[in-house]
Amino acid sequence: MKKISTAAAAACLLLAASGFVQAQENVVNLYSARHYATDEALYSGFTQATGIKINRVDADDAGILARLKAEGSASPADVILLVDAARLYRGEVDGLFQPIRSKVLEDAIPANLRSLPAADGGISWFGLSTRARVIVYNKVKMNPEDVDTYEELGDPKNKGKLCIRSGSHPYNLSLFGAVTEHMGEQKTQEWLKGMVANLARDPKGGDTDQIKAVASGECQIGVTNSYYLARLMRSDKPEDIAVANKVGVVFPNQQSWGTHLNIAGGAVAKYAKHRANAIKFMEYLASPEAQNYFANGNNEWPAAKGVDIANPALKAMTGGKPFKSETIPISAVGANMTKVQQMLDRVGFK
């Protein structure tokens with residue numbers, strides 16, 4: 001048997017090592033605050049289409065941001081998925097994301113559903129799905145015309161009728177930040193004070209609990225993200241269907257600034273080791289295929305332009321027609337967070 005020369009052996013080892021590195025690099029490391037089982041199909045669809053494996057770490061928004069800060073430049077994260085505009089804004093302000101340029105994303109995602117451009121024109125984060133902050137009401141006890149605006153949640157005519165989760169929950173903070181952008185700080189504080197006066201009970205529970213409280217008659221109006229109601233509407237449990245049938249839904253402010261939308265969105269991590277794969281994954285999440293996963297799997301509306309969905313609950317909520325949504329830059333919501341927290345403290349909104 002002929003001996004392989006030292007140089008040839010070294011070359012073979014180098015080629016093998018190169019192939020191993022390439023195999024190892026065909027990944028994207030994801031930190032996700034999305035805890036929806038239906039997203040599994042989304043991730044497997046990306047891997048099937050690209051051959052890129054997803055390594056995922058799950059935590060809540062606050063936990064992910066804290067982890068990124070603690071890890072610093074040693075962080076393995078490539079893509080960050082969060083489920084609140086204010087938290088995406090906070091990650092940007094804290095320098096945890098890197099602005100990117102992507103024609104695919106910039107063409108697909110409206111400007112108001114993404115961060116403001118950085119100095120170099122790059123975008124720090126993009127909204128990838130939306131959820132409307134709607135008002136539900138007891139169909140027996142309430143006239144929908146009495147709750148067809150957010151302002152009416154604080155109107156004395158609705159005293160003792162309101163159920164809502166904690167004012168400091170991100171979903172409410174984002175709503176209050178948007179209202180501050182529309183009405184200004186002084187009027188928003190008076191509105192929040194009116195909401196406290198209108199509470200039927202102390203804020204508690206999640207959005208589904210508010211819907212159930214309205215259905216049971218404990219309160220007559222509640223505030224929820226649209227996908228919680230859609231889940232009840234699409235449930236195969238008779239008790240969930242019964243709850244959904246007892247409540248009506250209003251998309252507020254159709255005659256003024258439009259219904260508040262929050263977003264679930266994504267960003268490329270500041271120290272992403274697989275930047276190209278990260279951008280490819282973000283672009284995939286804005287594709288019609290992925291946008292329909294968001295809509296049909298978790299009852300969210302697409303963030304990308306021109307995507308048609310077939311979710312029966314979402315269509316039933318709107319009567320199959322589009323609704324007017326606010327057009328303020330979603331980044332403004334995050335910028336108002338300090339003001340909102342101070343107002344909540346001043347009016348005693350728990």
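Let's start with four tyrosines. Tyr 36, Tyr 171, Tyr 227 and Tyr 228 make up one aromatic cluster. Keep in mind that this is a predicted model. One of the four, Tyr 228, also has a charge over its ring. The charged end of Arg 231 sits there, 5.2 Å from the ring centre.

How many aromatic pairs are there? The count comes to 11. A pair of rings is described by the distance of the centres and the angle of the planes. I'll show you two.

Here is one: Tyr 43 with Phe 281. The pair is tilted, with 6.3 Å centre to centre and 45° between the planes. Where do these residues lie? Tyr 43 is in helix α2, residues 39-50, and Phe 281 is in helix α11, residues 275-285. The pair links distant parts of the chain, 238 residues apart. Buried or exposed? Both Tyr 43 and Phe 281 are buried.

Next, Phe 176 and Phe 349. This aromatic pair is tilted too, at 5.6 Å centre to centre and 50° between the planes. Phe 176 belongs to helix α6, residues 170-183, and Phe 349 to the segment after α15 (337-347), so the pair ties together parts 173 residues apart in sequence. Phe 176 and Phe 349 are both buried.

Now for helix packing. The axes of α3, residues 61-71, and α4, residues 85-93, come within 10 Å. They cross at roughly 10°, so α3 and α4 are roughly parallel to each other. Which residues make the contact? From α3, Asp 61, Ala 62 and Leu 65; from α4, Arg 87, Arg 90 and Gly 91. By class, that contact has 2 nonpolar, 1 polar and 3 charged residues.

Terms used
Residues numbered from 1 in each chain as written. Predicted model: local features only at pLDDT ≥ 70, side-chain atom pairs only at ≥ 80, totals over all residues. Heavy atoms only, no water. Axes fitted to C-alpha atoms, helices over the stretch in contact; angles between N-to-C directions. Helix = DSSP H or I, 4+ residues; strand = E, 2+ residues; numbered from the N terminus. Parallel < 35°, antiparallel > 145°, perpendicular 65-115°, else oblique. Contact = heavy atoms within 4.5 Å. Nonpolar A, V, L, I, M, F, W, Y, C, P; charged D, E, K, R; others polar. Phe/Tyr/Trp six-rings, centres within 6.5 Å; stacked < 30°, edge-to-face > 60°. Buried < 20%, exposed > 50% of the residue type's maximum accessible area, 1.4 Å probe, protein only. Lys NZ or Arg CZ within 6 Å of the ring centre and 35° of its normal.
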